[in-house]
Amino acid sequence: MVKGIFWLVLAYGLSQFYRACLAVFGPVLKLEIGLGADDTSTALGLWFLTFAAMQIPVGWLLDHRSPKATAMTLLAFGGGLGAIVFAMAQGPLGVSVAMMLIGVGCSPVLMTSLYIIARTAPPARFGTLAGLVLGIGSLGNVAAATPLTWSMELLGWRGTLLALAALTLLIAGALYRFVQDPPRLEHTSEGPRKGMRDLLKLRALYPILLIAMVAYAPGGGLRGSWIGGYLSDVHGLSPAQVGTGTLVMALAMIIGSLAFGPMDRLIKSHKWIVGGSAALTLVPLVMLWWGFGDATVTVAIVLFALVGFFSSNYPQIMNHGRTLLPPELVGRGVTLINLFSIGGVGLSQIASARLFAAQMGDEGAMTTSYSIVFGFFAVTLVMGIAVYVFGARDPR
């Protein structure tokens, strides 16, 4: 099992890399193939939306077919092909198509890990183990910062993507070789007939789905695309300096995942952990909205890092939802929560890109355009927190 989890963590790291790389690729792609900040955000949004849409078939496959075969097949054909298409892109359309393919490829890797943990590990250790997978796997987020700028200087951006395609295929093969599927559930009269309709009858799950939809969106969206454009456009940083800034935010997100994973052992309430961390995410978001980050680049990077840290409460959101799921619906249940989490990032990226482009079209100041983006994330987060705090049932 240890070898399998190791390769699943590497695959998740690759997924983290792909969702974060556009922040560093963006300034170079703008110069070479005309990719603007709104195009970058749209491409990332399509990655998240495709990833989210795949959670429904992935959940079914986890409950009914081989998890390792599911992860290997989608990662090889979606991720590997997508990286090759990206390397050949000549404009925004090519990048968007590539990111959608990569979204398909990355869609099963985290859920396969969480499914295997949920089926094989003691329930009390789920949050800790999920936090470890998320924290260690988020090193891919780090690789999509300064190390990516080094690779681009050495191989160019197209060469870097071809190398990533080869790495993706290597990891996909290792998943099939080393991952062990959990024991199959017995086909009782209850188990196989339960499906999405039964899952949607769990009304207590709804507030958790909503907070999942908005809690990760600020961290995932800002780290994935907006921080790169902001540091480049507002503060005039070079690609290497942008890589350093994104590295700081990436490290903050890793520390956050590792911190929130075992926190339920200290604070015996999922609502306090999830609701409190989401509320703390609002503080730096509102400060960015009001222009505090425009003064100096140091303040801006610190605020981005704080957003990244406090929005890394995904392990506890998933842990809260998992407590409501019967064993035969674990696969589809965790993927449904993930659908809302990842889909929320995708929708917010598309919406924020439209808001940004509309402001730029009116010849507004660059700082005002970014301020509108930060405000959008803050407002949606407030609405999600309100529904979660007043509507979620804490099983403890």
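Colleague: Where is G384 found?

Modeller: G384 is found in helix α19, which covers residues 366-391; helices here are DSSP runs of H or I with at least four residues, as strands are runs of E with at least two, and they are numbered from the N terminus. Before we go on, please keep in mind that this is a predicted model, in which local features need pLDDT of at least 70 and side-chain atom pairs count only at pLDDT 80 or more, while totals for chains, interfaces and linings use all residues. Residues are numbered from 1 along each chain as its sequence is written, and side-chain values use heavy atoms, leaving out hydrogens and water.

Colleague: Is G384 buried or exposed?

Modeller: G384 counts as buried because its relative accessibility is 2%, and buried means under 20% relative accessible area, with exposed over 50% and partly exposed in between, using a 1.4 Å probe and protein chains only. Leaving aside neighbours within four places in sequence, G384 is in contact with L210, I211 and V214, where contact means heavy atoms within 4.5 Å.

Colleague: And how far apart are G384 and P27?

Modeller: They are 357 residues apart in sequence, and from C-alpha to C-alpha they are 33 Å apart in space. P27 itself is one of the buried residues of α2.

Colleague: OK, α2 then. How many of its residues are buried?

Modeller: Nine of the 12 residues of α2 are buried, so the helix is mostly covered. Those buried residues are L22, A23, V24, F25, G26, P27, V28, L29 and I33. It is also worth looking at the span of α2: a straight helix of 12 residues would span 16 Å at 1.5 Å a residue, but α2 spans only 13 Å between its end C-alpha atoms. The expected span is 1.5 Å times one less than the number of residues.

Colleague: What comes just after α2?

Modeller: Just after α2 there is G34, which takes a positive phi of about 70°.

Colleague: How does the span work out for α3?

Modeller: For α3, residues 37-53, the 17 residues should span 24 Å at 1.5 Å a residue, and the end C-alpha atoms are 24 Å apart, which agrees. The buried residues of α3 include T40, W47, F48 and F51.

Colleague: Changing topic: how many salt bridges does the count come to?

Modeller: The count comes to one salt bridge, taking a salt bridge as a side-chain nitrogen of Lys or Arg within 4 Å of a carboxyl oxygen of Asp or Glu. D233 forms it with K30, and the closest N and O atoms are 3.7 Å apart. The pair links distant parts of the chain, since D233 is in helix α13 (residues 217-233) and K30 in helix α2 (residues 22-33), 203 residues apart.

Colleague: Why do those two count as partly exposed?

Modeller: D233 is partly exposed because its relative accessible area is 28%, and K30 counts as partly exposed because its relative accessibility is 45%.

Colleague: What about A83, which residues does it touch?

Modeller: A83, found in helix α5 (residues 67-87), touches Y18, I102, L161, L164 and A165, not counting residues up to four places away in sequence. A83 is buried, with a relative accessible area of 0%.

Colleague: Last topic, helix packing. At what angle do α15 and α17 pack?

Modeller: Helix α15 (residues 270-289) and helix α17 (residues 314-322) pack at an angle of about 145°, with their axes 9 Å apart. The axes are lines fitted to C-alpha atoms, for helices over the stretch in contact, and angles run from 0 to 180 degrees between N-to-C directions.

Colleague: Which residues make that contact?

Modeller: H270, K271, I273 and V274 of α15 make the contact with Q316, I317, N319 and H320 of α17.

Colleague: And how many residues of α17 are buried?

Modeller: Nine of its nine residues are buried, among them Y314, M318 and R322.
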